[in-house]
Amino acid sequence: MIPLLAALSVLQLVSGTVLETYEQTLVANPALLVLVPVQIGTAGNLASITCSRLTTQLYLGTYELRPSNPELRANVGAVFALAGTVFGVVGVAAWGIGVALGGTLGLGRVLLVSLVSGMLLAVLVVVASVAAVEISYRVGLNPDDTTIPVVTNLCDVAGVLILFAVVSLVV
């Protein structure tokens with residue numbers, strides 16, 4: 001567990017470096033500055049919920065890693081529905097706050113950045129959560145102890161990278 005957490009700490013440094021690289025863009029566009037903590041926090045929350053639900057299914061004996069598993073499909077559907085809803089609302093709120101702070105980025109661009117990066121994060125949440133539960137269980141670790149720290153750290157790092165990849169394309 002310690003080597004994994006050490007590796008995730010190094011990845012956190014990478015995401016900090018990416019943030020520093022985009023400092024001027026963030027200062028010029030306050031709406032994007034608002035999006036950074038909200039996007040990665042929301043992705044981490046979605047991942048925690050997903051891991052918790054999958055781990056509960058694992059202990060109840062209803063978890064199977066098959067696309068035809070209705071409970072797994074329901075969880076994946078819930079993640080995408082929540083992501084679409086939350087990241088849409090976050091995009092509008094970030095635009096409003098950005099305008100109040102003197103930003104000039106339009107609603108369409110902020111909403112596009114928020115939704116595209118949010119839905120990409122939802123894909124990451126699903127894949128990382130399923131992988132974390134499967135790997136933890138198969139190597140004999142308690143998924144309750146391992147999955148949430150792993151996926152939330154991963155979402156922090158990947159959230160920054162995905163957000164700024166989308167910003168590079170849209171803004």
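**Aromatic pairs.** I searched the whole structure, a predicted model, for aromatic pairs and found one. The partners are Y22 and F164, with ring centres 4.4 Å apart. I then looked up where the two residues sit. Y22 is in the loop between α1 (2-21) and α2 (23-28), whereas F164 belongs to helix α6. The pair therefore ties together parts that are 142 residues apart in sequence.

**Helix α6.** I counted 28 residues in α6 and took the span from its first C-alpha to its last, which is 38 Å. At 1.5 Å a residue, 40 Å is expected, and the value found is close to that. I also checked α6 for bends and logged a kink of about 25 degrees, centred on A158. At the N-terminal end of α6 I found N142 as the cap. A side-chain oxygen of N142 lies 2.9 Å from the backbone nitrogen of D144.

**Largest pocket.** I looked next at the largest pocket, which holds about 150 Å³ of space. The most comes from α5, with five residues. Among the lining residues I listed M1, L4, I135, V139, L141 and V150. S136, T146 and T147 are also in the lining. Sorted by class, the lining has nine nonpolar residues, three polar ones and no charged ones.

**Helix α3.** Last, I went through α3, residues 30-60, which has 31 residues. From first C-alpha to last, α3 reaches 46 Å, close to the 45 Å expected at 1.5 Å a residue. I recorded a kink of about 25 degrees at V36, shortly before the proline P37. After α3 comes G61, and I noted its phi as positive, near 80 degrees.

Technical notes: Residues numbered from 1 in each chain as written. Predicted model: local features only at pLDDT ≥ 70, side-chain atom pairs only at ≥ 80, totals over all residues. Heavy atoms only, no water. 1 Å grid on protein atoms, 1.4 Å probe; cavity = no way out; pocket = protein on both sides within 12 Å on 5 of 7 lines; lining within 4 Å. Points joined across faces, edges and corners; volume = space filled by probe spheres on them. Helix = DSSP H or I, 4+ residues; strand = E, 2+ residues; numbered from the N terminus. Nonpolar A, V, L, I, M, F, W, Y, C, P; charged D, E, K, R; others polar. Expected span 1.5 Å × (residues − 1). Bend = angle between axes of the 7 residues up to and from the residue. Polar contact = N/O pair within 3.5 Å; in protein donor to acceptor, adjacent residues only side chain to side chain. Phe/Tyr/Trp six-rings, centres within 6.5 Å; stacked < 30°, edge-to-face > 60°.
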